[in-house]
Amino acid sequence: MKCEKIKAISLLKTHTSIRGGDAQTRHKVIIRLCLLFALGLVSINAVADQVKLKNGDVITGDILKFSNKKLIVKTNYAGEIKITASEVQSLTSEKPMHIVTYNGDKSYGVLTSDEATKNDMMVIDTQNTSPVKKISMAEIIYINSTPDAAVDEVKWSGNINAGGAISEGNTQTRAVRFDGETIARTLNNRYTLGGTYNRATDRSVNSQFNSRAYAKYDYFFSSKWYGYANSSVENDRFRDIKLFTTTGIGSGYQIYESPELNLSVEGGINYTLKNSYVLENESYPGMRWALKYDQLLFDTTTRLFHEHEVLTGFTENSQTTLRSKTGLRFPLIFNFNATTEFDYLWDSRPVNNLSNYDAKLLFTLGYGW
């Protein structure tokens with residue numbers, strides 16, 4: 001376009017200089033100006049947003065919206081098309097767009113490719129004096145959503161897993177394991193619901209029988225800080241726990257939040273109610289500390305995860321428990337995965353002089369979303 005403008009200016013000067021020339025020369029100049037003007041209009045109409053896919057294809061059109069992991073692009077040749085987010089490498093826009101990331105940051109600007117870094121990085125040019133922002137497609141949760149839609153739209157994630165073992169002969173054992181968690185995330189809210197179930201027998205005699213369910217609600221005051229309310233219920237016959245109930249409130253800090261890396265820390269107060277099979281029932285106030293982390297390893301789809309939670313009471317004889325799980329989740333096919341996981345539970349007051357810890361190495365198959 002700049003070259004065409006320079007040529008047009010040059011021709012205008014030429015036309016001015018030959019106004020006194022013959023009619024034939026003036027007609028040629030006018031025709032060339034008309035052609036250049038038409039070429040300029042075609043170039044303007046050809047300007048469009050671009051979507052670069054991971055397979056190398058480039059789609060041109062108007063980027064309308066991105067939400068629920070779907071990018072909607074309006075093209076001249078196929079109308080509106082939807083593209084799955086995992087297939088998109090980068091975007092280039094000709095007009096400013098409203099962009100919201102997983103950590104709650106909001107921007108309004110033009111998206112361009114960042115040639116100085118990896119091909120999947122983009123620059124948000126806000127067209128003001130502040131530094132430009134660099135971002136990847138994986139960090140974006142909304143594009144051009146209305147404020148109400150951006151607040152209300154829900155992003156679901158989670159997994160469900162199952163495993164078991166059977167042995168015959170000199171040993172006759174049966175074991176089964178189920179666990180799952182689902183998370184619903186909006187711009188300002190996060191809802192978590194999960195649970196585990198373990199059952200094992202040795203020669204038809206129970207050797208393990210426990211289950212746990214938990215729920216948590218987070219409200220984000222900013223892109224990083226949030227308040228939470230949590231509750232859990234647990235049963236474990238071999239730890240003399242008929243019903244172990246915790247309820248509490250506190251605050252947390254979301255250090256990272258993206259499809260590639262998540263890390264948060266929490267702390268607050270809890271109230272514990274313990275009903276036992278043998279010992280006396282008890283209840284007491286206490287404190288809670290928790291950490292939750294997961295990350296994709298080495299630009300692959302294998303995910304490393306670690307979680308732990310510590311509950312301790314304020315009274316002298318109150319119980320302290322530490323619960324943690326660490327593992328790797330390997331993708332298989334069609335969102336199915338395999339998980340290897342190490343679970344550890346430490347109890348400051350084991351019943352009947354039993355060991356104060358339980359440790360399990362698990363191998364499960366599951367489905368993620």
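R203 is partly exposed, with a relative accessible area of 45% (buried means under 20%, exposed over 50%, partly exposed in between; 1.4 Å probe, protein chains only). The model is predicted: local features need pLDDT of at least 70, side-chain atom pairs count only at pLDDT 80 or more, and totals for chains, interfaces and linings use all residues. Residues are numbered from 1 along each chain as its sequence is written, and side-chain values use heavy atoms, with hydrogens and water left out.

**Overall make-up**

- The chain holds 3 helices and 22 strands. Helices (H or I, at least four residues) and strands (E, at least two) are DSSP runs, numbered from the N terminus.
- The chain has 369 residues, and 39% of them count as buried.
- Its accessible surface is about 21,400 Å². Carbon and sulfur atoms account for 59% of that surface. The areas come from the Shrake-Rupley method with a 1.4 Å probe; for residues, only the protein chains shown count as cover.
- Take the contacts between residues at least 6 apart in sequence: 46% of them join residues at least 24 apart. Contact means heavy atoms within 4.5 Å.

**The barrel**

- 12 strands close into a barrel, with antiparallel pairing. The order is β11-β12-β13-β14-β15-β16-β17-β18-β19-β20-β21-β22.
- From one strand to the next, the twist averages 20 degrees. Axes are lines fitted to C-alpha atoms, for helices over the stretch in contact, and angles run from 0 to 180 degrees between N-to-C directions.
- Two strands pair if DSSP finds at least two bridges between them. Strands of a sheet pair through backbone hydrogen bonds, either parallel or antiparallel.
- Strand β11 (residues 155–167) pairs with strand β22 (residues 357–368) over 4 bridges, in the antiparallel sense. Here A162 stands opposite L365 in β22.
- Strand β21 (residues 336–347) also pairs with β22, antiparallel, over 11 bridges. D343 stands opposite K360 in β22.
- Strand β14 (residues 205–220) and strand β15 (residues 225–236) run antiparallel and are joined by 11 bridges. Y219 stands opposite G227 in β15.

**Nonpolar cores**

- The largest nonpolar core has 20 residues. Such a core is a set of buried Ala, Val, Leu, Ile, Met, Phe, Trp, Tyr and Cys residues joined through side-chain atoms within 4.5 Å.
- V51, L71, I83, V88, L91, L111 and I140 have the most contacts inside this core.
- Two or more residues each come from β1 (49–53), β2 (58–67), β3 (70–75), β5 (88–92), β6 (97–101), β8 (121–125) and β10 (140–143). The largest share, 3 residues, comes from β2.
- Not counting residues up to four places away in sequence, L71 touches V51, I63, K65, F66, I81, K82, I83, V88 and L91.
- A second, separate core has 5 residues, including Y102, I141, Y142 and L187.

**Residues on barrel strands**

- S167 lies in strand β11. S167 counts as buried because its relative accessible area is 19%.
- The side chain of S167 makes a polar contact with the side chain of T173 at 2.4 Å. A polar contact is a pair of N or O atoms within 3.5 Å; within protein, one must be able to donate a hydrogen and the other to accept it, and residues adjacent in sequence count only if both atoms are side-chain atoms.
- Leaving out residues up to four places away in sequence, S167 touches Q172, T173 and R174.
- E234 sits in strand β15. E234 is buried, at 7% relative accessibility.
- The E234 side chain makes a polar contact with the side chain of R323 (2.8 Å). Beyond its neighbours within four places in sequence, E234 is in contact with S211, R212, R239, I241, K242, L243, F244 and R323.
- L322 lies in strand β20 (residues 320–331). At 30% relative accessibility, L322 is partly exposed.
- L322 and E309 are 13 residues apart in sequence, and their C-alpha atoms are 5.8 Å apart. Beyond neighbours within four places, L322 is in contact with E309, V310, Y344, L345 and W346.

**Loop residues with positive phi**

- Most residues other than glycine have a negative phi, and most peptide bonds are trans.
- R203, not a glycine, has a positive phi of about 55 degrees. R203 is in the loop between β13 (189–202) and β14.
- N335, not a glycine, has a positive phi of about 70 degrees. N335 is in the loop between β20 and β21, and is partly exposed at 49% relative accessibility.
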